[in-house]
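Please keep the sequence and the 3D view at hand.

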Amino acid sequence: MGTNIDGDVLTVTGDDGTVHLIPLDAIASWGELLGCDTDMEAVAAIIRVRTNRSDPGVIDPATGRNAWTSAYEQLEHDALVDLNQVRAASLHRAFKANGALAADGRAETRRLLGLDATTIVDSYEADAALAAARALDEPNAGEPVEPSIRLPAGVDATSLETLLAEHAAEIQTAREKFIDAITPPITDRR
């Protein structure tokens, strides 16, 4: 399996000749929407969903909800919380396809796409888990966590990781632009 980045598109060629063209913007947005720990995990998610054709499309034609809606709602909520906009954040909650409140919109999106659940999506929970592990002097504290979505067999993870690291700044810029684009503007109404 070969990997290459030409311009702003990652090309992953499978052992069977299947070619996946993945824009760096897609790696950034999928990573945020699915709560991926690494860019490599986001690439694995993209390949798995494309290969399995597991995106259900529109779930509720009346509202236009699809598998991604709850993840977008969760990102909007989290961005508002980060800005300390508690009132606005309370109005931007993530919902399940049936209309019930979702504890985590990213987890709901992963479920609808047929992906493995992530153990900790919330950055505060991740920081707390790391602090607790360090406080207990656990030997593996701070080491990379095993990704919840694995690359397909035949993908050289080391070369892909190196390639993505070389373009980490571009992916981070795309991630910031994506979050800015979906975050509702806050205006001062004094």
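1. In S2, Thr11 is the bridge partner of Asn4. Strand S1 (residues 2-6) and S2 pair in the antiparallel sense over 5 bridges; two strands pair if DSSP finds at least two bridges between them. Helices (H or I, at least four residues) and strands (E, at least two) are DSSP runs, numbered from the N terminus. The hairpin of S1 and S2 has 2 residues between the strands, and Gly7 takes a positive phi near 70° there.

2. This is a predicted model, in which local features need pLDDT of at least 70, side-chain atom pairs count only at pLDDT 80 or more, and totals for chains, interfaces and linings use all residues. Residues are numbered from 1 along each chain as its sequence is written, and side-chain values use heavy atoms, with hydrogens and water left out.

3. Trp30 is buried, with a relative accessible area of 17%, and Trp68 also counts as buried, at 12%. Buried means under 20% relative accessible area, exposed over 50%, and partly exposed in between (1.4 Å probe, protein chains only).

4. The structure holds 2 aromatic pairs. Rings of Phe, Tyr and Trp (its six-membered ring) pair if their centres lie within 6.5 Å; planes under 30 degrees apart count as stacked, over 60 as edge-to-face and the rest as tilted. The rings of Trp30 and Trp68 have centres 4.7 Å apart and planes at 65°, so this pair is edge-to-face. Trp30 lies in helix H1 and Trp68 in the loop between strand S5 (65-66) and H3, so the pair ties together parts 38 residues apart in sequence.
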